[in-house]
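Biologist: Hi, I have a new structure open and I'd like a quick tour. Could you take a look with me?
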Amino acid sequence: MCGLVGVMGTITHREKQAFKWLLHFDATRGEHSTGVLAVSPDNATQVFKELGTSAFLYQKYPQEFPKGVYDKPAKVLMGHNRFATQGEIVAENAHPFEFENVIGAHNGTVAEWNTKKLHMADAFKIDSQKLYSQLNHDADVQKLWDHLEDGQGSAASLTYWDKRDNSMNFVRSSQRPMHFAVTKDTQTLFWASEKWMLQVACANSGVQIQDIESSEINQHYRVVFKDNKLIVSKKAVEPKKWFVTYSSGAMGYGNIPKPAAKFIDLRIDHIVQDGIQPTRIS
């Protein structure tokens, strides 16, 4: 389990203070490492990572985070707290991961059989890097979701900055949460994996927010901040939906028939794979 938090839009000291609280609370979802992406008003990006909780991150970058509050102009602050499920506990494996076109963080665990055909998957050991390698290669989220399934094997909530169009992006499967809160002046968006984090962080910082909402499952949200306005678009994506049938195949040990599984993707109505794999029926 990992945690995702952040803020986008008009960011004053008050909103930065709320982000500090969010990153602090988010350690309850993972204490192995902490990472932050900062995007300036002119879309310059900088990534900060360190092992441990946010306190260790602030110690490593005292000029950027005096007293834990980011000290430069920003229109996006995206945070992640890691609980390692794949890969070593080292600073390099902290999120977010930066590629040529995207900088992203991931909450969840995606099984290897769902990532092996992603773009340059063999170059990475961590599922999160494989997911963002695919999005870096192709901005179409549906192309990524084509490899994922609607179940535990594809637990994913993604937050990422796309340098190609200077947008903040969100998408999640049914296995991981995400919550949004917009300020009452509609100029700032907050997000967090858990609802209570938004409630307490904003209350502690004097930030007035509207009702907190859970993001929809299998929906790609794209957010752009332009002319002091948050512009949100949304597009549905669809994961694999397996229907599995079995038939007698080759003879196994002791001349016992070994079942052969045929996996049918109900989205496209054709057999996509034969062989023995974990059963997935959605």
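This is a predicted model: local features need pLDDT of at least 70, side-chain atom pairs count only at pLDDT 80 or more; totals for chains, interfaces and linings use all residues.

Biologist: Where do F99 and F124 sit?
Modeller: F99 is in the loop between β5 (97–98) and β6 (102–107), while F124 is in the loop between β6 and α3 (127–137). The two are 25 residues apart, and the pair links distant parts of the chain.

Biologist: And what about F170 and F180, how are their rings arranged?
Modeller: F170 and F180 form an edge-to-face pair too, with 5.0 Å centre to centre and 75° between the planes. F170 belongs to strand β8 (residues 167–172) and F180 to strand β9 (residues 179–182), so this pair ties together parts that lie 10 residues apart in sequence. Both F170 and F180 are buried.

Biologist: Which residues do ring pairs link into a cluster?
Modeller: That cluster consists of F48, Y58, Y61, F65 and Y70.

Biologist: Let me step back a bit. What does the secondary structure of the chain come to?
Modeller: There are 5 helices and 16 strands. Of the 282 residues in the chain, 51% are buried. The chain exposes about 13,200 Å², with carbon and sulfur atoms supplying 51% of that area.

Biologist: Now helices. At what angle do α1 and α5 pack?
Modeller: Helix α1 (residues 13–26) packs against helix α5 (residues 195–205) at about 140°, and their axes are 8 Å apart. That angle makes α1 oblique to α5. The crossing of α1 past α5 is right-handed.

Biologist: Which residues in α1 and α5 meet?
Modeller: From α1, the residues include R14, W21 and F25. On the α5 side, they include W196, M197 and N204.

Biologist: How many of the residues of α3 are buried?
Modeller: In α3, 10 of the 11 residues are buried, so this helix is largely enclosed by the rest of the structure. Among the buried ones are K130, L131 and Y132. The buried residues of α3 pack against β5, β6, α4 (141–145) and β7 (157–162).

Biologist: What does T115 touch?
Modeller: Leaving out residues up to four places away in sequence, T115 touches V110, A121 and K130. T115 is in the loop between β6 and α3, and it counts as buried because its relative accessibility is 1%.

Biologist: New topic: which residues does a cis peptide bond join?
Modeller: H95 and P96, with omega at about 0°. P96 is in the loop between β4 (76–82) and β5. Most residues other than glycine have a negative phi, and most peptide bonds are trans.

Biologist: On phi, then: what value does D227 have?
Modeller: D227 has a positive phi of about 50°, although it is not a glycine. N228 also has a positive phi, near 60°. D227 is in the loop between β12 (219–226) and β13 (229–236), and N228 lies in the loop between β12 and β13 as well.

Biologist: Is D227 buried or exposed?
Modeller: D227 counts as exposed, at 66% relative accessibility. N228 counts as partly exposed, at 49%.

Terms used:
Residues are numbered from 1 along each chain as its sequence is written. Side-chain values use heavy atoms; hydrogens and water are left out. Helices (H or I, at least four residues) and strands (E, at least two) are DSSP runs, numbered from the N terminus. Buried means under 20% relative accessible area, exposed over 50%, partly exposed in between (1.4 Å probe, protein chains only). Accessible areas come from the Shrake-Rupley method with a 1.4 Å probe; for residues, only the protein chains shown count as cover. Rings of Phe, Tyr and Trp (its six-membered ring) pair if their centres lie within 6.5 Å; planes under 30 degrees apart count as stacked, over 60 as edge-to-face and the rest as tilted. Axes are lines fitted to C-alpha atoms, for helices over the stretch in contact, and angles run from 0 to 180 degrees between N-to-C directions. Angles under 35 degrees count as roughly parallel, over 145 as roughly antiparallel, 65 to 115 as roughly perpendicular and the rest as oblique. A crossing is left-handed if the near helix is turned anticlockwise from the far one by less than a right angle, and right-handed if clockwise. Contact means heavy atoms within 4.5 Å.
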